[in-house]
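Please consider how the features of a protein model may be read, one at a time. The dialogue below takes them in turn.

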Amino acid sequence: MKYIDDLKWRYATKQFDTTRRVLPRDMLKIKEAIQLAASSYGLQLYKVLRIEDKALRKKLRAASYDQSQVTDASHFFVFCRYAKVETGHIDEYLTLKATKHAVPFQDFKEYGDQMKTSIIENMGADKQDIWTAKQVYIALSNALSACAILKIDAAPMEGFDPEAYDEILGLAEKGLKATVILGIGYRSAKDDSQFSPKVRKSLETLFETI
Ligand SMILES: Cc1cc2nc3c(=O)[nH]c(=O)nc-3n(C[C@H](O)[C@H](O)[C@H](O)COP(=O)(O)O)c2cc1C
């Protein structure tokens, strides 16, 4: 299966080749892979920011333990979760669903009310925040897989100060919170990590049949 070979090929890139850019047609595929990620209820309670501004990327690198991928990757993304789930987010999804299914919005009222009760009324702020963050990682994973299939390198990173990112990017005003970051591009020939053997638990350790 080619996909497994692609996953063996990929690695968390430490050093990017600063001279190479990802082509727009490949970027579109990666974006579509993110768009098609599964999410709880299908709500997609996140937004992905692409940071192009060089000065901003320098500032973000300083808030990311000076990890070079932040400035040196061809493209750099900040995956953000919604800071708080609002009834409007659920209605927005149901409006889209009603349009796609060609049925009246009203058909989903009961379903919408159930979602609102479970997510907004019952979940509590902390649990909601963790739940929303989890969705973001599924989107990140889709991006990593798409990159591997396209033979594009990627650096997923949690080594950054989320509060500093929120401040630098003005995320509170956008109702967002920085969750995980991703640099994509092409590996530098000097990046020794590409030659490291993969370290993974054996299938016997990882799986158990009960
Ligand atoms: C959510 C997440 C956060 C990570 N954060 C960082 C990071 O901040 N810096 C870094 O160099 N690698 C980071 N990594 C890369 C992991 O260390 C790497 O995926 C793991 O060691 C397995 O190696 P491989 O991806 O090269 O196979 C992160 C990976 C994930 C999935």
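Q: How are H5 and H6 oriented to each other, and why?

A: Angles under 35 degrees count as roughly parallel, over 145 as roughly antiparallel, 65 to 115 as roughly perpendicular and the rest as oblique. H5 and H6 are therefore roughly antiparallel to each other: the axes of helix H5 (residues 87–101) and helix H6 (residues 109–121) cross at roughly 150° and come within 10 Å. Axes are lines fitted to C-alpha atoms, for helices over the stretch in contact, with angles from 0 to 180 degrees between N-to-C directions. This is a predicted model, in which local features need pLDDT of at least 70 and side-chain atom pairs count only at pLDDT 80 or more, while totals for chains, interfaces and linings use all residues. Residues are numbered from 1 along each chain as its sequence is written, and side-chain values use heavy atoms, with hydrogens and water left out.

Q: Which residues of H5 and H6 make the contact?

A: Contact means heavy atoms within 4.5 Å. H5 contributes Thr87, Ile90, Asp91, Tyr93, Leu94 and Lys97, and H6 contributes Tyr111, Gly112, Met115, Lys116, Ile119 and Ile120.

Q: How many helices and strands are there in the chain?

A: Helices (H or I, at least four residues) and strands (E, at least two) are DSSP runs, numbered from the N terminus. The chain has 10 helices and 4 strands, and from the N terminus on its elements run α-α-β-α-α-β-α-α-α-β-α-α-β-α.

Q: Which residues touch the most other members of the largest nonpolar core?

A: A nonpolar core is a set of buried Ala, Val, Leu, Ile, Met, Phe, Trp, Tyr and Cys residues joined through side-chain atoms within 4.5 Å. Buried means under 20% relative accessible area, exposed over 50%, partly exposed in between (1.4 Å probe, protein chains only). Of the 32 residues in the largest core, Phe76, Val78 and Tyr165 touch the most other members. Strand E2 (75–82), H5, H6, strand E3 (153–157) and strand E4 (176–185) each give two or more residues to this core. A second, separate core of 22 residues includes Tyr46, Val136, Ala139 and Tyr186.

Q: Is Lys84 buried or exposed?

A: Lys84 is exposed, with a relative accessible area of 53%. Lys84 lies in the loop between E2 and H5. Apart from neighbours within four places in sequence, Lys84 is in contact with His89 and Gln128.
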